[in-house]
Amino acid sequence: MIVEHLSLVDFRNYATAELALHTGPNVLVGRNGQGKTNLAEAVVFLATLGSHRVSSDAPMVRDGQEYAIIRARLSHGERKVLAEVQLNRQGSNKARINGSPAKTSELPRYAHVVLFAPEDLQIVRGDPSSRRRFADQLLIQRAPRMSAVLGDYDRVLKQRTALLKSARARGIRGEALSTLDVWDDKLVALGSEIIVARQRLAADLQQPVADAYASIAGADHQPQLDWALSIRGADPEDGEGGALESDGTLSPSMCAELFRASLLAKRTQELDRGLTLTGPHRDDLVLRVRGLPVKGYASHGESWSVALALRLASAELLRSESPAGDPVLILDDVFAELDADRRQRLASLTAGYEQVVVTAAVEEDIPEVLHAHVVRITAGTISDERSLAQDEETADD
Ligand SMILES: Nc1ncnc2c1ncn2[C@@H]1O[C@H](COP(=O)(O)OP(=O)(O)OP(=O)(O)O)[C@@H](O)[C@H]1O
Ligand SMILES: [Mg+2]
């Protein structure tokens, strides 16, 4: 698919914005703080229903306004779809597809986007939550119904944890807390679905990640992906991830069984701490190269190669599974982070996608194969885009 046109109202630093995009490479250039990433973020929101920078939606609404609108005309070959979302500072967001009200969770069915950003280094170097977020966003892209499952799990988790906290405050012990069972059932049902889907995702990414890593790094360091599961006794959130990683993917029934057993085993501890200590919210996607965990061992360059490989593999996976064609690739400010070899390799690996959007503060950082359809961004205004050829004719302006 491609984004043919993006319109924004009161989104971040844009009062209004109209941006036409082309098939193939598109370049957004502008000095720091002008609004390049904001444009990328708006497109990503349609695909993942979230931002890669903030966990709540309010910061995306322009200062002093009540709501923002992101509207995109998408093209899947001959088929055009107008996807729209209103982000409300208060209350839930509202979506429209082709002008008719729709559930927001419908949007990822139409918008497929893979974003590469400097923050991606956090996927490999940051907390387990960054890796869970990476995986969950991809789960939603693969199967949009997962956004409801993930949302429901979060709600159940919050309610259950609130119950544990109030029980702790009132000094109630394990067996006396029968209401917990109801929440346990929901937690296990939703949580197992998430764990199984995440494990399948890691398995399906394994080969594409290995291929992408070899292409980017120019060497085969055998990257591996494995979930460290809290229901199997790993506790990455408390810094104990390494030892107890999975030995194969779980069936849904095995997963539910382990989950229940783990809840039972941790109940006393949970009441002591007022926390839900087991479940997909405590898991970690452990990444390795050369048999060693990337986090804590890999060099800066290797870490970047893994991060890029995860994004490239995501793009390959979506490309191979989606009848709607390629995802849109957005490369936000990544070339400045990379050495010359990785720059060239990344450029040639992405140039074949239906549509690529590249942002940069310094135009010279953009490799030649991606240097087309340049648009200039200045303080929340988008200047008429001109082709590179026209640009060169007026090189002195
Ligand atoms: N909710 C908001 N309301 C108004 N302005 C905002 C809001 N959120 C962010 N901004 C402003 O948007 C501006 C542009 O941000 P953006 O991250 O898109 O810049 P950029 O062009 O990607 O810069 P860089 O090259 O440094 O990455 C920032 O100056 C920021 O203050
Ligand atoms: Mg930026």
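Which residue stands opposite Thr 16 in E2? In this predicted model, the residue in that position is Val 9, and the two strands concerned, E1 and E2, pair in the antiparallel sense over six bridges. A search of the whole structure finds three cavities of 30 Å³ or more, while the largest pocket holds about 1400 Å³ of space.

**Hairpins**

- Strand E1 (2–11) and strand E2 (residues 14–20) form a hairpin with two residues between them, and Arg 12, which sits in the turn, has a positive phi of about 50°.
- Strand E4 (residues 67–76) runs antiparallel to strand E5 (residues 79–88), and 10 bridges join the two; within this pairing, His 76 stands opposite Arg 79 in E5.
- E4 and E5 also form a hairpin, with two residues between the strands, and here the turn residue Gly 77 has a positive phi of about 60°.
- E5 is joined in turn to E6 by four bridges, again with the strands running antiparallel, and Glu 84 stands opposite Arg 96 in E6.
- The hairpin formed by E5 and E6 has five residues between its strands, and Gly 91 in the turn has a positive phi of about 85°.

**The open sheet**

- Six strands, in the order E8-E12-E13-E3-E14-E15, form an open sheet in which the pairing is mixed.
- The edges of this sheet are E8 and strand E15 (381–382); each has a single partner strand, so one side of each is left without a neighbour in the sheet.

**The largest cavity**

- The largest cavity contains about 160 Å³ of space and is lined by 14 residues, with Val 113, Val 114, Leu 115, Gln 137 and Arg 311 lying nearest its centre.
- Two or more lining residues come from each of helix H1 (36–48), strand E8 (113–116), helix H4 (128–142) and helix H8 (300–321), and the largest share, four residues, is that of H4.
- Sorted by class, the lining of the largest cavity has eight nonpolar, five polar and one charged residues.
- Why does the largest cavity lie between domain 1 (1–112 + 322–397) and domain 2 (127–299)? Both domains give residues to its lining, so the cavity lies between them.

**The second largest cavity**

- The second largest cavity holds about 60 Å³ of space, and the residues that line it include Val 3 and Leu 6, Leu 39, Ala 40 and Val 43, and Val 328 and Ile 330.
- E1, H1 and strand E12 (328–332) each supply at least two residues of this lining, and H1 provides the largest share, three residues.
- By class, the lining of the second largest cavity has 11 nonpolar residues, with no polar and no charged ones.

**The largest pocket**

- The largest pocket, with about 1400 Å³ of space, is lined by 40 residues, and those nearest its centre are Ser 55, Ser 147, Leu 150, Gly 151 and Asp 154.
- The elements that give two or more residues to this lining are H1, strand E6 (94–97), H4, helix H5 (146–170) and helix H6 (179–217), and H5 contributes the largest share, 10 residues.
- The residues lining the largest pocket divide into 13 nonpolar, 15 polar and 12 charged.
- Domain 1 (1–112 + 322–397) and domain 2 (127–299) each give at least three residues to the lining of the largest pocket.

**Aromatic rings**

- How many aromatic pairs does the structure hold? The number of aromatic pairs in the structure is zero.
- A charged side chain does meet a ring, however: Arg 319 lies over the face of Tyr 353, at 3.9 Å from the ring centre.

Note on methods: Residues numbered from 1 in each chain as written. Chains lettered and ligands numbered in written order. Predicted model: local features only at pLDDT ≥ 70, side-chain atom pairs only at ≥ 80, totals over all residues. Heavy atoms only, no water. 1 Å grid on protein atoms, 1.4 Å probe; cavity = no way out; pocket = protein on both sides within 12 Å on 5 of 7 lines; lining within 4 Å. Points joined across faces, edges and corners; volume = space filled by probe spheres on them. Nonpolar A, V, L, I, M, F, W, Y, C, P; charged D, E, K, R; others polar. Domains from an automatic or database assignment. Phe/Tyr/Trp six-rings, centres within 6.5 Å; stacked < 30°, edge-to-face > 60°. Lys NZ or Arg CZ within 6 Å of the ring centre and 35° of its normal. Pairing = 2+ DSSP bridges.
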